[in-house]
Amino acid sequence: MRADVLSDELAYCSTPRSQNVGLVVFSLSSTRNEPHSRALHFAYNPLPMISKISPMGGSLSGGDVVHVHGTGFFASEDFQCRFGDTLVSATWLGDTYASCRTPSSKNPSKTSFEITTNGVDFSDSQLFYEYHSRVVVSSVIPEQGPSHGGTSLTIHGSNFENTAHLRCR
């Protein structure tokens with residue numbers, strides 16, 4: 001593969017496609033007849049794929065745990081979740097399971113969600129995480145009812161959204 005020189009101490013090249021996962025020898029040379037540079041190793045790993053995240057939304061303040069299910073997960077220093085453009089550390093919990101904590105967001109929004117094991121190549125799940133304003137309850141009328149349940153309540157507050165996830169508890 002051709003290498004592009006960025007400076008006398010920095011070059012760039014892309015890896016060729018590999019049918020195999022595992023270590024290969026990597027080296028750099030400037031001519032066909034010149035001996036190669038010191039041999040180093042490069043590891044081909046599967047690109048992580050995400051099948052599901054849970055929950056798919058949370059509060060603007062962040063700090064919520066997102067459970068990530070998929071394939072191609074492995075522990076590495078660069079194992080991270082990406083919420084839009086923001087990277088956060090991920091916790092590897094197995095080949096098909098990981099978790100991470102959401103960063104905060106300034107506004108309610110739907111943002112893309114992906115993971116990486118090397119900090120460069122990201123999954124392409126096309127899944128989204130949705131930030132919501134925290135629900136605030138200021139009053140409940142009536143304030144009491146019979147223990148057998150069934151009392152109709154009127155709830156006053158702010159940031160209520162008409163979603164299947166809104167629940168009285």
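Which residues does Thr-116 touch, not counting residues up to four places away in sequence? I opened the notebook with that, and I come back to it below.

**Entry 1: ground rules**

I am working with a predicted model, where local features need pLDDT of at least 70, side-chain atom pairs count only at pLDDT 80 or more, and totals for chains, interfaces and linings use all residues. Residues are numbered from 1 along each chain as its sequence is written, and side-chain values use heavy atoms, with hydrogens and water left out.

**Entry 2: Thr-116**

I looked up the contacts of Thr-116 and found Asp-78, Phe-79, Gln-80, Asp-121 and Phe-122. Contact here means heavy atoms within 4.5 Å. Thr-116 sits in strand β11. I then checked its cover: Thr-116 is buried, at 0% relative accessibility. The cut-offs are these: buried is under 20% relative accessible area, exposed is over 50%, and partly exposed is in between (1.4 Å probe, protein chains only).

**Entry 3: the whole chain**

I counted the elements next. The protein chain has 14 strands and zero helices. Helices (H or I, at least four residues) and strands (E, at least two) are DSSP runs, numbered from the N terminus. Why do I call the chain more spread out than a compact globule? Its radius of gyration is 24 Å, well over the 15 Å that the globule rule gives for 169 residues. That radius is taken over C-alpha atoms, and the rule is 2.2 Å times the number of residues to the power 0.38. I noted the spans of the C-alpha trace too: about 90 × 30 × 20 Å along the principal axes.

Buried residues make up 22% of the 169 residues. Among contacts with a separation of 6 or more, 48% are between residues 24 or more positions apart. I wrote down about 12,400 Å² for the accessible surface, with 51% of it belonging to carbon and sulfur atoms. Such areas come from the Shrake-Rupley method with a 1.4 Å probe; for residues, only the protein chains shown count as cover.

**Entry 4: cysteines**

How many disulfides does the structure hold? I found one. The term means a pair of cysteine sulfur atoms within 2.5 Å. Cys-81 is joined to Cys-100, S to S 2.4 Å. The pair links distant parts of the chain, 19 residues apart: Cys-81 is in strand β8 (residues 80-83) and Cys-100 in strand β10 (residues 97-101). The link is left-handed, with -105° about the S-S bond. Both Cys-81 and Cys-100 are buried. I checked two other cysteines: Cys-13 is partly exposed at 32%, and Cys-168 is exposed at 65%.

Strand β10 also holds Ser-99. Ser-99 is buried, with a relative accessible area of 12%. I listed its contacts, leaving aside neighbours within four places in sequence: Val-65, Val-66, Ala-90, Thr-91 and Leu-93.

**Entry 5: backbone details in loops**

I searched for cis peptide bonds. Ser-54 and Pro-55 are joined by one, with omega about -5°. Pro-55 is in the loop between β5 (49-54) and β6 (57-59). The bond from Ile-141 to Pro-142 is cis too, with omega near -5°. Pro-142 lies in the loop between β13 (136-141) and β14 (154-158).

I also noted Gln-126, a residue other than glycine with a positive phi, near 60°. Is Gln-126 buried or exposed? Gln-126 is exposed, at 60% relative accessible area. I placed Gln-126 in the loop between β11 (109-116) and β12 (127-132).

**Entry 6: Val-136**

Val-136 is partly exposed, at 42% relative accessibility. Val-136 and His-156 are 20 residues apart in sequence, and 8.5 Å apart C-alpha to C-alpha. Beyond its neighbours within four places in sequence, Val-136 is in contact with His-156, Gly-157, Ser-158, Asn-159 and Phe-160.
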